[in-house]
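Thanks for coming. Please have a look at the model on the screen before I start.

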Amino acid sequence: MSLRICLYEDDAFDRFFPLTLLRPVYLLRAGILPLFKRALMHFPEAPLTLIARDQVTAAMGDLAAEYPLNIIKHEAGGEVLFLNGRIRSYGNLAKLVNESRISTKFTYNGEVVAVLFKKEQLESVPPVATQTEYLAAFNRAGGDISDFETTATLYQGWWELVADIESAIAEDAAYLKASAPVQATPNIPNGVYLVNKQEIQFGSNIELLPGSVLDASKGPIVLGDNVRVESHAAVIGPCYIGSDSVVVAGKVVASSIGSTCRVGGEVEESIFQSYVNKFHAGFIGHSYVGSWVNFGAMTTNSDLKNNYSTIRVAQRGEMVDTGMIKVGSCIGDHTKFGIGTLLNTGITIGVCCNIFGAGLTADKEVGSFQWGNSSAWQDYQLEKAVETAVRSAGRRKVTLSDREITLLDDISHHRIDAQGSLKF
């Protein structure tokens, strides 16, 4: 029996603001793979369809060409499994799906983790359908869809993704090593030090300069294609450096660095999406950083309170206790920092901010499109912010699409809604 997987967002996507202002939640990651691709570990033969909110659909770019987007096909006699894009651990979910004989809603702590449509419920759904038609079929079925508790869990906030970096990189690295063809070790010049070499995976066209260190003694290291690690740089596992990224002097420890980033200074247990520029000295720890963020020299965040108490963060306008003593910053896309900027513990910073003036940014939450610092915030004019975003992308030979600019306009005017998210 054929099974199709559909990754969707529920109405809790806003728990991950500002990161999910410009992307679906399942494009976030804890390790190497975005959340939606981790489904392939548990359902390896199933084709994937992605379901996205209306506002972010147009900005998904090449991904929409790689995977069906918002259009769901099912074969006669086949099955369709909707997976919540926030899945943290799959637990016994795959086992329950394989053993299920009827359509089932799988829940954990009262939240829907997945919904399995068997052929009986699919008889009223066209072979090519939208998420709205599936939701209607779910509502029509009523009591014919059972409710079953699973041990699979869901992410509740960005800080949990950061907390899972080490375990997620280790799991993703093992999966990639088992599923990908063996790649030749690149030329290693004299003066490059590889520790626990068997736990280091190399992409193609890797460049390691004398005086660099890759230490996988505490966990695997995975380098994407065209990665360059320069002299006086240390990469300490578990760690992922995405394709076309450069690591300059400093150290990157237990972090997941996306594609086309420039990373220097000290980065510890942090996630960078892509196109992040942290070229200079300064510390970023236990943080999640969106795309196109630029850190001025010596920009540093706090990730630990002096009294070692648990850290609270802003979520949907309320303060939430993370239950963790190490939580850094969550930084939205296109935000820029001037030299010497200091960031408060557990701070959330929105999209398209320009923060400067040195000193401590003491706020626990900085909204999107803000200009200045804690002593005097001003609204960052949309036209100026977009001009900077376009210029920044152009330096990396990337052109921001009209769709992305429209989305920034929506964010600046608070036109954000949940249309297209699903609530089973």
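This is a predicted model: local features need pLDDT of at least 70, side-chain atom pairs count only at pLDDT 80 or more; totals for chains, interfaces and linings use all residues.

Residues are numbered from 1 along each chain as its sequence is written, and side-chain values use heavy atoms, with hydrogens and water left out.

The pair is α9, residues 382–394, and α10, residues 402–412; their axes come within 11 Å and cross at roughly 145 degrees. Helices here are DSSP runs (H or I, at least four residues), numbered from the N terminus. Axes are lines fitted to C-alpha atoms over the stretch in contact, with angles from 0 to 180 degrees between N-to-C directions.

Which residues in α9 meet α10? They are Leu382, Val386 and Val390, and on the α10 side Ile405, Leu408, Asp409 and Ser412. Contact means heavy atoms within 4.5 Å.

Now Val386, which sits in α9. Is Val386 buried or exposed? Val386 counts as buried because its relative accessibility is 12%, the cut-off for buried being under 20% relative accessible area with a 1.4 Å probe, protein chains only. Leaving aside residues up to four places away in sequence, Val386 touches Ile405 and Leu408.

Last, the cavity. Its lining, for the largest cavity, includes His334, Tyr380 and Ala385, and α9 gives the largest share of that lining, 3 residues. A cavity is a set of points on a 1 Å grid over the protein atoms alone where a 1.4 Å probe fits but cannot get out, and lining residues have an atom within 4 Å of a point.

Terms used. Helices (H or I, at least four residues) and strands (E, at least two) are DSSP runs, numbered from the N terminus. On a 1 Å grid over the protein atoms alone, a cavity is a set of points where a 1.4 Å probe fits but cannot get out, and a pocket is an open set with protein on both sides within 12 Å along at least five of seven lines; lining residues have an atom within 4 Å of a point. Buried means under 20% relative accessible area, exposed over 50%, partly exposed in between (1.4 Å probe, protein chains only).
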